[in-house]
Amino acid sequence: MTREIENRSLSEKPKKASPFWIRFLRILILIIAIVGVSITLSQKVFFVYRISGNAMEPAYRKGDIVLTAARKEYKAGQIVVVSDGGKLLIRRIAALSGDKVDITKDGVIVVNGTALDERSYISQPSYGKTNISLPMTVPEESVFLLGDNRKKAIDSRVESFGCLKTGDIKGRVLFRIWPLWR
């Protein structure tokens with residue numbers, strides 16, 4: 001009859017599993033850290049907005065929820081959330097500070113002498129509710145904003161809306177959070 005001999009020194013102790021409460025505490029600390037970082041980022045960098053109007057149809061519709069990121073610089077073509085008189089609105093940047101904007105009677109947007117190719121996001125150009133003097137130059141530290149739903153959108157083509165200050169931009173839309181299927 002053979003016996004198995006345990007091969008360890010006297011100074012070695014068998015490894016014990018961590019008690020449940022230590023493992024639980026580690027997981028709890030990790031969860032608190034993740035939530036803390038998420039809250040900090042959501043208060044400073046990322047913002048979630050629910051769309052309440054139809055100015056950006058068909059890309060974004062009433063009830064859609066979008067994630068935005070605060071930036072220091074924006075580019076023409078980007079979709080942004082802006083604050084206008086306490087209201088939050090979603091619009092597309094058509095032109096930046098110093099750009100010369102004109103709109104033809106059939107609704108084609110011309111920036112610095114070049115017609116914008118908007119076929120990928122609007123189905124038909126529309127002069128809409130335009131009542132500003134054209135052509136115009138976008139003022140310093142401002143942007144010329146347009147809704148994709150040109151027939152119904154109130155945007156920089158309307159005198160009471162006009163060009164908005166870049167400081168009024170809350171963030172660039174990164175993607176739609178809800179609904180997922182569109």
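Modeller: In this predicted model, a salt bridge is a side-chain nitrogen of Lys or Arg within 4 Å of a carboxyl oxygen of Asp or Glu.

Colleague: What makes R92 and D148 a salt bridge?

Modeller: The closest N and O atoms of R92 and D148 are 2.7 Å apart, and the cut-off is 4 Å, so the pair qualifies. The two residues come from distant parts of the chain, with R92 in strand β4 (residues 87-96) and D148 in the loop between β9 (142-146) and β10 (164-165), 56 residues apart. Both R92 and D148 are buried.

Colleague: Why is the contact of R176 with D64 called a salt bridge?

Modeller: For R176 and D64 the closest N and O atoms lie 3.1 Å apart, and a separation within 4 Å is what the term requires, so the name applies. Because R176 lies in strand β11 (residues 169-178) and D64 in the loop between β1 (46-50) and β2 (65-69), the pair ties together parts that are 112 residues apart in sequence. R176 and D64 are both buried.

Colleague: How do you know whether R157 is buried or exposed?

Modeller: The relative accessible area of R157 is 0%, and buried means under 20%, so R157 is classed as buried. D155 also has a relative accessibility of 0% and therefore counts as buried. R157 forms a salt bridge with D155, their closest N and O atoms being 2.8 Å apart.

Colleague: How many salt bridges does the structure hold?

Modeller: There are 5 salt bridges in the structure, among them R92 with D148, R176 with D64 and R157 with D155.

Terms used. Residues numbered from 1 in each chain as written. Predicted model: local features only at pLDDT ≥ 70, side-chain atom pairs only at ≥ 80, totals over all residues. Heavy atoms only, no water. Helix = DSSP H or I, 4+ residues; strand = E, 2+ residues; numbered from the N terminus. Buried < 20%, exposed > 50% of the residue type's maximum accessible area, 1.4 Å probe, protein only.
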